[in-house]
Amino acid sequence: MGAAERGDREFWGRALAGRLPGVAAWGCAVALALLQISCVILPVRIAPGVSGTVVDRESGNPVAGALVVVRFDGHYDDILPDREVLGHRETRTDARGRFSTGLLIKPGIAVWPSYRTEARVVAVMSDGYRCPRPESVSESHEVRVEMQRSLDENDRRDSCRPVPAEKGEAVAYMAAWRALYPDRPAGPDADETHQLERLLSARAAFGFGENCEGPVLDLALAPDGHRAAFSVAKDEKSEVHVVELRAGQSKLAQVIPRDDSSTPERLAWIKSGDLVLWEPSEDPYQAVSPSVFSNGKFEQIWSARGPASRADYGDLSELRRTERSAPVLAPEELNDEGDTRWRGRSFVLQQRPNPVTGLPQDDLRVYREDATSYTLSLPGEVCGPRGRFGRPQYRIAADNRTSLDLRFVNGGCHVVRTDLETGEWSALDAVSRPGICRAARRVPPAEFKTALRGYTGELDSAIFKAGADPAASYALRIESDGTTRLDTRGFSGEPMTLEVPRFPLDTPLRRIEITTLDSSSSVDGISKASGATAPPALEPL
């Protein structure tokens with residue numbers, strides 16, 4: 001080998017040695033890029049396990065024995081936005097409120113690393129608590145679920161939902177959910193009962209209880225059953241009456257004037273015997289927290305232990321400062337519904353059509369310990385704040401036989417005292433002024449047909465015979481003597497008024513619009529009702 005050839009090799013060797021680090025770095029970068037864009041097809045789909053804690057929202061204490069259901073979903077990031085349900089896992093919390101689920105492994109094709117999984121706590125159930133909303137699990141696979149105590153069993157039932165899991169995935173939860181609902185008969189009789197319930201529920205929207213307010217606005221029974229309080233509308237103001245309940249008679253203990261009746265305040269007794277006004281949260285199920293004392297949403301207005309009027313307490317801010325150590329209102333204190341004075345009896349509220357008014361008639365079926373039973377016909381219609389009244393068996397006085405409830409009788413919403421042995425009733429309040437009723441209401445066609453199927457057929461026949469447009473919305477104008485007219489449009493849009501059969505229900509409404517339009521719209525070609533016992537506010541059914 002010549003000297004020139006050896007020189008060339010040394011030159012190229014030194015050049016390659018100098019560039020070797022750069023070449024190696026470039027090769028590594030290419031390899032990493034290939035790893036980033038490469039994919040692996042796996043024959044299974046794997047979701048990591050989830051751990052978490054279930055606690056009481058107010059106290060922060062752990063909730064032991066709660067049923068927890070976790071749902072696992074799979075997806076391909078933004079390539080395919082759809083979620084695929086991989087499955088559910090069910091477990092219970094331990095004494096510390098902790099729970100944990102293992103890995104979920106499901107056969108199927110998954111392209112790694114594009115295929116991702118996520119978890120969500122879809123159901124949690126425990127005695128005495130509302131079922132919380134679904135909770136997403138973070139990337140740490142750790143979640144904290146807060147549960148709120150239920151107001152009553154109906155509140156708990158309304159908050160819990162079934163889980164659409166595969167067979168065998170949420171067996172314990174679904175069994176607990178079904179236990180929340182009483183057994184209902186099956187077959188033709190059950191179908192007829194269901195149809196009757198729908199009909200009566202739809203007809204109640206035309207009654208006085210649904211469309212009238214006052215003079216009594218709210219009612220609360222003291223925990224010991226010896227006192228009741230109710231608020232009464234009086235012009236622009238209101239007043240609260242405290243009544244001592246005695247056998248055969250009642251004594252008015254105090255009248256407390258209020259400055260403003262527009263604030264949505266509610267009456268409640270606390271266990272110490274104090275009567276308070278509280279302002280409900282926008283979330284009706286949100287428990288009252290200590291912040292209500294500082295935010296002005298809580299006010300003591302009467303006490304069995306001391307002064308009986310607000311004026312005797314002095315400055316209201318001073319009252320709040322002195323009452324900060326008082327126990328926080330619990331849900332059972334804000335709702336005086338309970339069965340502490342049933343004394344071996346059980347009650348079932350039933351409904352049937354009233355042959356005179358066509359509206360629902362409430363009957364209370366009472367079962368004694370010896371298995372005998374009897375039925376009491378309750379007067380009038382349910383009135384007052386929705387969801388709180390219509391079940392007199394939950395407000396029984398200390399004598400164990402007198403129940404209190406808000407019902408529309410004698411032209412207004414009154415406190416009705418009913419003898420649970422004889423069925424005799426009387427108005428506890430001595431307010432003579434009538435209630436205020438709305439004059440107009442808007443109803444969707446489907447709901448109107450559910451309430452009055454036969455009458456709807458008569459109206460359709462009258463519209464057809466008159467040559468009016470059967471697809472147009474229409475309104476009923478009901479005179480005080482029951483005469484009914486129908487306002488609608490012809491095929492060219494011209495307004496038409498038809499004489500139709502009398503409206504079959506006893507109602508305070510003088511105008512009923514049957515339309516799918518919202519309450520802010522009006523039906524073209526239909527004149528507005530004139531002369532009303534209340535502002536003609538239209539409200540969807």
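So, Ser51 sits across from Glu142, which belongs to strand 9. Strands here, and helices too, are DSSP runs numbered from the N terminus (E, at least two residues, for strands; H or I, at least four, for helices). One caveat: this is a predicted model, where local features need pLDDT of at least 70 and side-chain atom pairs pLDDT 80 or more, while totals for chains, interfaces and linings use all residues. Residues count from 1 along each chain as its sequence is written, and side-chain values use heavy atoms, with hydrogens and water left out.

Back to strand 9. Strand 2, residues 51-56, pairs with strand 9 in the parallel sense over 6 bridges; to count as paired, two strands need at least two DSSP bridges.

Okay, helix 3, residues 171-179. Which of its residues are buried? Tyr173, Met174 and Trp177, where buried is under 20% relative accessible area and exposed is over 50%, with partly exposed in between (1.4 Å probe, protein chains only). Those three are on the same side of helix 3 because they cover an arc of only 95 degrees around the axis, taken from the directions from the helix axis to the C-beta atoms. Facing away from that buried side, you'll find Val171 and Ala179 exposed.

And why do such patterns come up? An α-helix has 3.6 residues a turn, so residues three or four places apart point the same way.
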